[in-house]
Amino acid sequence: MKEKLKKLLSLALKEIEAGSSLSTLKEIEVKFIGRKGKLTEILKGIKDLSEKEKPIIGQLANQYKNQIETAIADKTVEINKAEIEKALASESIDITIPGQKPELGHIHPLYQVQKEVEEIFNQMGFTVVDGPEIESEYYNFEGLNIPEDHPARDCQDTFFIKGKEDKKHKRLVLRTHTSPLQVRSMEKYGAPLRIIVPGRVFRYEATDASHDATFHQVEGMLIDKNISLAHLKGVMKEFLSRLFGKEVNVRFRPGYFPFVEPGVELDFSCLICLGAGCRVCKHTGWVEFMGAGMTHPNVLKAGGIDSKKYQGWAFGFGLTRLIMMRYAINDIRLLAGGDLRFTKQF
Ligand code: PHE
């Protein structure tokens, strides 16, 4: 019996020593000291031995079992260590190499300038309002005193949205200007009113260096008692001077828009040549900037405002054109082209 046990021990120790992976070690453990292991079977048979043999064999078997367990534990540590070392050698990183800096984006030049515009008008008491880009014919035209057969509708080539109609508001269109927010805001806030509306507008036009089917405008409207065009001139001179960081002069010329009466065009003094004449101002010393005028009584009426008590004016300028002028960008398509070589310059 003793001999048998000894042989079993040396066989187990030999196998453990030769074992090269954790899974073989597990198999060896099961084979010798598992529930049905060879040594376990012997331990189970001890009860049938003689009284004399029982303690001797029992002690020996237990001692061998411990020896096998220890050998397996030692070998496990050895294998783990080797594996960790192997992994470390292949996965090691050089922590002294400088890291890769993630690239930070920035706000598009168009929205950088839009924000400046909003801040300046905020400081003068104007609220920034927003409205739908898919607009009804009513707010885009009728409410602004532009009836169905009015020639002004021909000037603005409109994208119509198929199939959607309602009796008062008629078809849906992609708004051709930010002016629909005039009547919308009067309805919502009443008088007195001071708003600006920066936003995208759409016209069915061929694209070239200075035209795009999508562009950005800023609408403005002020309604109060005893308001005249002098207030508009003052506000715009102040606005442009703050935006450009130097004194800018403005002038009115007569202009026509169905929703204002009288209507004007506003020019500002050329910042490039300071009035001497250059290519930017087409040698006039003035840059055409925006349309404006005193709000037509029909428009005040559409907005639910009593034109006997209140007057107001409205203006609309192209934010896109302003930015092109400010940064001397010669092609409008660059702004929405998504070319990083362009956008990264701002
Ligand atoms: N909506 C006009 C346009 O797009 C501009 C404008 C706004 C003119 C307000 C007068 C008053 O050309």
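Student: In which strand is the place of Q217?

Tutor: The model discussed here is predicted. Within this model, the place of Q217 is in strand β6.

Student: Is Q217 buried or exposed?

Tutor: A residue counts as buried when its relative accessible area is under 20%. Q217 has a relative accessible area of 11%, and therefore Q217 is buried.

Student: Which backbone nitrogen does the side chain of Q217 reach, and at what distance?

Tutor: Q217 belongs to strand β6. From there its side chain reaches the backbone nitrogen of T178, at 2.9 Å.

Student: How far does a polar side-chain atom of Q217 lie from an oxygen atom of the ligand?

Tutor: Q217 is among the residues that come nearest to the ligand, together with H177, S179, R203 and G316. The distance from a polar side-chain atom of Q217 to an oxygen atom of the ligand is 3.0 Å.

Student: How much of the accessible area that the ligand has on its own does the protein cover?

Tutor: On its own, the ligand has 330 Å² of accessible area. The part of this area that the protein covers is 91%.

Student: Which elements give two or more residues to the shell around the ligand?

Tutor: The shell around the ligand holds 13 residues. The elements that give two or more of them are β6 (214–224), β9 (286–295) and β10 (311–318).

Student: Which element gives the largest share of the shell around the ligand?

Tutor: By class, the shell has 5 nonpolar, 6 polar and 2 charged residues. The largest share, 3 residues, comes from β10.

Student: To which ligand atom does the side chain of H177 come within 3.0 Å, and to which does that of R203?

Tutor: For R203, a polar side-chain atom lies 3.0 Å from an oxygen atom of the ligand. For H177, an N or O atom of the side chain is 3.0 Å from a ligand atom, and that ligand atom is a nitrogen.

Student: Which element supplies the largest share of the lining of the second largest pocket?

Tutor: The second largest pocket has about 190 Å³ of space, and its lining includes T214, F215 and H216. Two elements, α5 (109–123) and β6, each supply at least two lining residues. The largest share, 3 residues, comes from β6.

Student: How does the lining of the second largest pocket divide by class?

Tutor: Among the lining residues are H108, L110, Y111, R200 and D212. By class, the lining has 6 nonpolar, 4 polar and 2 charged residues.

Student: Where is the place of P192, which a cis peptide bond joins to A191?

Tutor: The cis peptide bond between A191 and P192 has an omega of about -5°. The place of P192 is in the loop between α8 and β5 (193–202).

Student: What is omega at the cis peptide bond that joins E261 and P262?

Tutor: P262 has its place in strand β8, residues 260–269. At the cis bond joining E261 and P262, omega is about 0°.

Student: Is N226 buried or exposed?

Tutor: N226 lies in the loop between β6 and α9 (229–244). Its phi is near 55°, a positive value in a residue other than glycine. With a relative accessible area of 68%, over the 50% limit, N226 is exposed.

Student: What is the relative accessibility of K170?

Tutor: K170 is placed in the loop between β3 (160–161) and β4 (172–174). It is not a glycine, yet its phi is positive, about 60°. K170 counts as partly exposed because its relative accessibility is 29%.

Definitions and conventions:
Residues numbered from 1 in each chain as written. Predicted model: local features only at pLDDT ≥ 70, side-chain atom pairs only at ≥ 80, totals over all residues. Heavy atoms only, no water. Near = heavy atom within 4 Å. Polar contact = N/O pair within 3.5 Å; in protein donor to acceptor, adjacent residues only side chain to side chain. Areas by Shrake-Rupley, 256 points an atom, 1.4 Å probe, with all protein chains shown as cover. Helix = DSSP H or I, 4+ residues; strand = E, 2+ residues; numbered from the N terminus. Nonpolar A, V, L, I, M, F, W, Y, C, P; charged D, E, K, R; others polar. 1 Å grid on protein atoms, 1.4 Å probe; cavity = no way out; pocket = protein on both sides within 12 Å on 5 of 7 lines; lining within 4 Å. Points joined across faces, edges and corners; volume = space filled by probe spheres on them. Buried < 20%, exposed > 50% of the residue type's maximum accessible area, 1.4 Å probe, protein only.
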